[in-house]
Amino acid sequence: MPVRAPFLRTALLASVLLTACGTAPEPDAAPSAAPSSPATPSAPSAPAVRAAGAVGGAGSACPLPVSFSLAEKWEPKPVDPELAALVKRGPALLACEVAGRKSGDTAFLRVWKAPKGPARAALDAFVRTEKNKGLALTEAAGGVPVVEARYSAYSELLEEWYDGRAFAVGTGEGVVVVEVDGMDAEEDRVVAAYELAKSTLKAG
């Protein structure tokens, strides 16, 4: 489908999850404004968050080829594959959405699955489905080695640039991309939840 602004994509994702999960719709998440300068891959300064559960393992709400810890009150929901195809990004299909609503943040960790191949190439294609600048791909330490993307993305709807960040890892079932998104995506607590997921990531 044509590339859409992040705000519109978030609204569509909310509609997808409403249909797939039968839950009440959450407030639309809009991208946070950011300075016009390109994002850098420097480590963010974020407060510690307490892990409370995980996603991806046996008995998890979202069956995934990876698992990682979740910040307290963040809730995972699976996405029906047929509905996920409506929001495909590059080679990646949406598999799971972890919402931070109950923690007080309008933000999400979205887990996408791409075919087998180099994680760097899949992540690069994922990011470039939207208008961006200053894209930096780096090797990042964590539970397993990952490739991380930091960049500035443009919201055509709001006519603003905002910080984007995501990481990817290759598995025997393909590449998994974890992206942080939503109106509060740049809040310290949300960044900390993202960093927790990255640092506790386990394959298999």
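Modeller: Let us begin with the disulfide between Cys 62 and Cys 96, whose sulfur atoms are 2.1 Å apart. Please keep in mind that this is a predicted model.

Colleague: Why is the link of Cys 62 and Cys 96 called a disulfide?

Modeller: The cut-off for a pair of cysteine sulfur atoms is 2.5 Å. The sulfur atoms of Cys 62 and Cys 96 are 2.1 Å apart, and therefore the pair qualifies as a disulfide. In general, such a link is a covalent bond between the sulfur atoms of two cysteines. The structure holds one disulfide.

Colleague: Which parts of the chain does the pair of Cys 62 and Cys 96 link?

Modeller: Cys 62 belongs to the loop between strand 1 and strand 2, whereas Cys 96 belongs to strand 4. These distant parts of the chain are linked across 34 residues. Both cysteines, Cys 62 and Cys 96, are buried. The link is right-handed, with 70° about the S-S bond.

Colleague: What makes the contact of Arg 50 and Glu 72 a salt bridge?

Modeller: The rule asks for a side-chain nitrogen of Lys or Arg within 4 Å of a carboxyl oxygen of Asp or Glu. For Arg 50 and Glu 72 the N to O distance is 2.6 Å, so the pair counts as a salt bridge. Arg 50 lies in the loop between helix 1 (6-21) and strand 1 (51-55), and Glu 72 in the loop between strand 2 (66-71) and strand 3 (75-78), 22 residues apart. By this rule the count comes to eleven salt bridges.

Colleague: Why is Arg 50 called exposed, and why is Glu 72 called partly exposed?

Modeller: Exposed means over 50% relative accessible area, buried means under 20%, and partly exposed lies in between. Arg 50 has 57% relative accessibility and therefore counts as exposed. Glu 72 has 35%, so this residue is partly exposed.

Colleague: How do you know that Lys 102 and Glu 75 form a salt bridge?

Modeller: Their side chains meet at 3.1 Å, N to O, and this is within 4 Å. Lys 102 lies in the loop between strand 4 (93-99) and strand 5 (108-114) and Glu 75 in strand 3, so the pair ties together parts that are 27 residues apart in sequence. Glu 75 has a relative accessible area of 31% and is therefore partly exposed.

Colleague: Are Arg 110 and Glu 97 buried or exposed?

Modeller: Both Arg 110 and Glu 97 are buried. Their side chains form a salt bridge at 2.4 Å, N to O. Arg 110 sits in strand 5 and Glu 97 in strand 4, so parts 13 residues apart in sequence are tied together.

Colleague: Why is one side of strand 1 and of strand 10 left without a neighbour in the sheet?

Modeller: Three strands form an open, antiparallel sheet in the order 1-2-10. Strand 1 and strand 10 (202-203) stand at the edges and each has a single partner strand, so one side of each has no neighbour in the sheet.

Colleague: How do you know that strand 2 and strand 10 pair?

Modeller: Pairing needs at least two bridges, and two bridges join strand 2 to strand 10, so these strands pair.

Colleague: What makes strand 8 mostly covered?

Modeller: Nine of the twelve residues of strand 8 (residues 160-171) are buried. Strand 8 also pairs with strand 9 (residues 174-181) in the antiparallel sense over seven bridges, and a hairpin joins these two strands through two residues.

Notes
Residues numbered from 1 in each chain as written. Predicted model: local features only at pLDDT ≥ 70, side-chain atom pairs only at ≥ 80, totals over all residues. Heavy atoms only, no water. Helix = DSSP H or I, 4+ residues; strand = E, 2+ residues; numbered from the N terminus. Buried < 20%, exposed > 50% of the residue type's maximum accessible area, 1.4 Å probe, protein only.
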